[in-house]
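Work through the exercises below with the sequence and the model open. Try each task before reading its solution.

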Amino acid sequence: MKKLFATSFTTILILFSHAALTDDLDIYITSPVSAKARVLFIIDESGSMAFGPNTDRCLVTNTPKDCFLNDDQPSQRTFQVKKAMRTVIDESDDDLYMAIMGFRGKKVSRSDPLSCQIKDEGGNCLKADIRVLTKFLNLEESNSRGSLKWAVTRLGHDMSTPTSSALHDAVQWYKEGIDATRHNGSQENIPSPILNHCQPNHIVLLSDGAPNSNSIEKNGWGYTNNDLDDREPDNYSPECEWSDKTTGHAFEATETPQDGRCSPDFVEYAHNADLNPSMDGTQFVTTHTIGFHTTPLANTFLAYIAEKGGGDFFTADNADELTEVLQSLVHDAKAVVDTSINTPTIPFDPSNIAVSQNSLYLPVFKPAVNPFWFGNLKKYEFKITTTGDFQLVDANDASALNVDNSFVDDARSFWSDTPDGNNPLAGGSASKRTGSRNLYTYINKNGSTPDTLIDHRLYDFVAREAHPDILNGMLGVTKSSEVTALLKWISTGHGFMGAPLHTAPALLNYQDRLGTSQSILLITTSEGVLSAIDPASGEELWAYMPKELLENIKTIKYQVDNPDDTKLTAERIYGLDGHLEILHDDTNGDNLINGSESVTAIFGMRRGGRNYYALDITDPESPEFKWEIIGGEGNFRQLGQTWAKPDSGKIIISGVEREVILFSGGYDPDQDVVNGARVADDIGNALYIVDAESGERLWWASSKAGASLRLTNMTNSIAADARPVDVDDDGIWDRIYLADTGGRIIRIDFYTDSDDAHQINGYILADLNGGTANSNRRFFTSPEVGYYASGNERFYALLAGSGDRPDPMDHSVQNRFYMIKDYYPWSPQRTGDVYTPPQPIVENTSLCGDINNCHTLYDATTNLTQSGTTEEQQGAHNLLSNTSGWYIDLAEREIDLPPASGPV
């Protein structure tokens, strides 16, 4: 068999409205430090915050003394705010910056009316007192939560409600920074927190009433704490800063007409303007409001502020309700990355080394904080301009990209009826998902037996009945009627696709005996399906959903029916998240599926589970179930999450040449929580070789008893692809390299001994884990292999970079890029006829098991071979020649990524 070739198009970077970042999925909603969401809480500290639950008798001019509760009374408003804020600070994720600002009035003995908002009977001024209780603090840092909770204890209650002043200073802070009053009364210049063009910015205003300052009818304007307005004393109609309205926004729904003047202007400006034009994109702030024990009149005001600020308005009447509201806002603040793009695929003819078709199929998805992510598949075309350059064009034959490689707003991808521009979920194949679907599964009570999938529809629209073997528990419901309803729903197109997360589409070209051509696109998604799509129309032809993923349908339906519910607690749905491998026995070498040739699709689950599935799609309109491998059961108990790409080829096992599929043992999710030194894994520490036709296990390696080859130090999961090598170019694999999550590189040899008997053996070629928390290096990509020959030196050069794919934002480990010399490229090291593994290569002599037989690496980070003095360059070259390879330290934000090329 041979693989159907496809190559990734990476010579252009295609972006939508936000930059696509790197793996794993949390990086799309857990931003880089500088791009994390900023949330500024503005807390009302007016005198009424000392009240208990809202009562009419407290809202009078001469408030009864018993309305004011002590600070230790749970029903006091400030007490409840402190309680809610402490909970939110403790329970929020790390990927956030928080700041806290308080606002109230204070008495000042000044006669200048410009500094006053209200005059009391003694002639004193009540001026806005806006206090920055904490700057923006990164919740990931150890002391931040403690500092924020300490700031919460400083919240008080006194005097008036200068809402306009608070909102002005908040916007000013985001825009240019402010000269702020700190909690201790000192003045400090605090710069703008906008540091990255991708970061979302939010203001959350919490108040227990409407503003009672900043009215034209009161003697004084004073919407700022810093005397910024320059009106004349007799001019009571100044402009609001940043507003084009001559008298500000006259909003009448307050206790005193026009109290709170300019508040809507400030937040509207912050949401619509570009607060930092020097950055890419538009830097804006979204303002949300919370009415706490508020009257209908105050709620009207606060709702209007939220509307103008582009945010949401909430109410709460106790600490528990307030906690829920605040947690919802913090949760939603992270749901901001609009689009991410996976690897686009161009149909490729390997015999011509040129693009044989001009279509590009682009898988996209939209990250969210909810469990299920939506996605799409879009089609564009290439054409060559008169200057010889490639140009990506849309269905109107117009350029689809702007000069910055973002999509043109009115671009219309193929298959789309209207412009879809930079909207990932508009148009594309998702827009064609309407009406009944040919959605199949496979359920065989007698085990895995090849069978036509047409006989395994989830829902039969002709007979109007669900699959008879799908039971209540498989969907997490209690009634058969619920089973029928869910299967009918998922078998009906609703205009959406799941997200194609870690996969690329595969294009298959068929030709029947009469020469008629047909093509299909295959792609896996988070919906838990392998979809076959018509490349001409974008319509789904059929789809297959493994029975193990039927349980997700209930959650997917709920999320589709309730798109605004961001508080779902279900775990993220990954569905079919793994690699897709196409096996084609192309006997005539024309890259078409024709004659008696067959084609099989093999795919894993990655984060979605521990299985591999194989479908025979020789007939593109009638797929057949071929086999499945269930991780954790039978001969595959050691198989972890199926991250690795299954690879097909020939190998000799027990003296017999076999067509096989090989794959590494997968990922152990326990690695997600390993924050210290290296820890052995329970699953995934294996290599499997199975029969290509039946999926039967032929051979396996592990540290576990019963393995065909037992390597005692093979103790960590292997998420990276296995790297097979045909040493003598005879079409049969002779070696396999593995890289595990414990920082090891493993070599497996398939060779003949002096009696021409076929043998399989292996060893740890390199152990690059330093044994400490900050040297717990892990590999998630397989090594690249190249042959080096110079003078008398011959070796395979293995190139590999360490990193933490599941948690790319963790920078506690010093990751490195390595070149390892394998000095036995042609055959294994033997003493006589005895397989003799060398000592593992390590970074330095302190890590050697045998100091007299130590193989170490050269630290090339400082690049002395090029940038050093003549003497340093000579010394570096000598060390490079006398060591078993080299490494360079990766900077904090550098990670190792998979190769950009297609299959090797």
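**Exercise 1.** Which strands and helices do the buried residues of H9 pack against?

*Solution.* The model is predicted, so local features need pLDDT of at least 70 and side-chain atom pairs count only at pLDDT 80 or more, while totals for chains, interfaces and linings use all residues. Residues are numbered from 1 along each chain as its sequence is written, and side-chain values use heavy atoms, with hydrogens and water left out.

Step 1. Find the helix. H9 covers residues 480-490; helices (H or I, at least four residues) and strands (E, at least two) are DSSP runs, numbered from the N terminus.

Step 2. List its buried residues, where buried means under 20% relative accessible area, exposed over 50% and partly exposed in between (1.4 Å probe, protein chains only). They are Val483, Leu486, Leu487, Trp489 and Ile490. These residues lie on the same side of H9 because they cover an arc of only 160 degrees around the axis, taken from the directions from the helix axis to the C-beta atoms. An α-helix has 3.6 residues a turn, so residues three or four places apart point the same way.

Step 3. Collect the partners, with contact meaning heavy atoms within 4.5 Å. The strands are E19 (439-440), E21 (459-460), E22 (465-466) and E23 (492-494). The helices are H8 (472-475) and H10 (553-561).

**Exercise 2.** Describe the largest nonpolar core and what H9 gives to it.

*Solution.* A nonpolar core is a set of buried Ala, Val, Leu, Ile, Met, Phe, Trp, Tyr and Cys residues joined through side-chain atoms within 4.5 Å. The largest has 47 residues, and Leu508 and Leu522 have the most contacts inside it. H9 gives the most to this core, with five residues. A second, separate core of 34 residues includes Phe136, Leu167, Ile178 and Phe266.

**Exercise 3.** Is His467 buried or exposed, and which residues does it touch?

*Solution.* Step 1. His467 sits in the loop between E22 and H8. Its relative accessible area is 7%, so His467 is buried.

Step 2. Leaving aside neighbours within four places in sequence, His467 is in contact with Thr441, Ile443, His456, Arg457, Leu458 and Leu487. Ile443 is 24 residues from His467 in sequence, and the C-alpha atoms are 9.4 Å apart.

Step 3. The side chains of His467 and His456 are joined by a polar contact of 3.5 Å. Such a contact is a pair of N or O atoms within 3.5 Å; within protein, one must be able to donate a hydrogen and the other to accept it, and residues adjacent in sequence count only if both atoms are side-chain atoms.

**Exercise 4.** How do E44 and E47 pair with E48?

*Solution.* Two strands pair if DSSP finds at least two bridges between them. E44 (residues 816-822) and E48 (residues 885-889) run antiparallel and are joined by five bridges; Phe817 has Ile888 as its bridge partner in E48. E47 (residues 858-859) pairs with E48 in the parallel sense over two bridges, with Tyr858 opposite Trp886.

**Exercise 5.** What is the mean pLDDT of the protein chain?

*Solution.* pLDDT is the predictor's confidence in each residue, from 0 to 100. The chain mean is 83, and 82% of the residues reach 70 or more. Over residues 215-238 the pLDDT is below 50, and this stretch has 70 contacts in the model beyond near neighbours in sequence. Where pLDDT is low, the predicted coordinates should not be read in detail.
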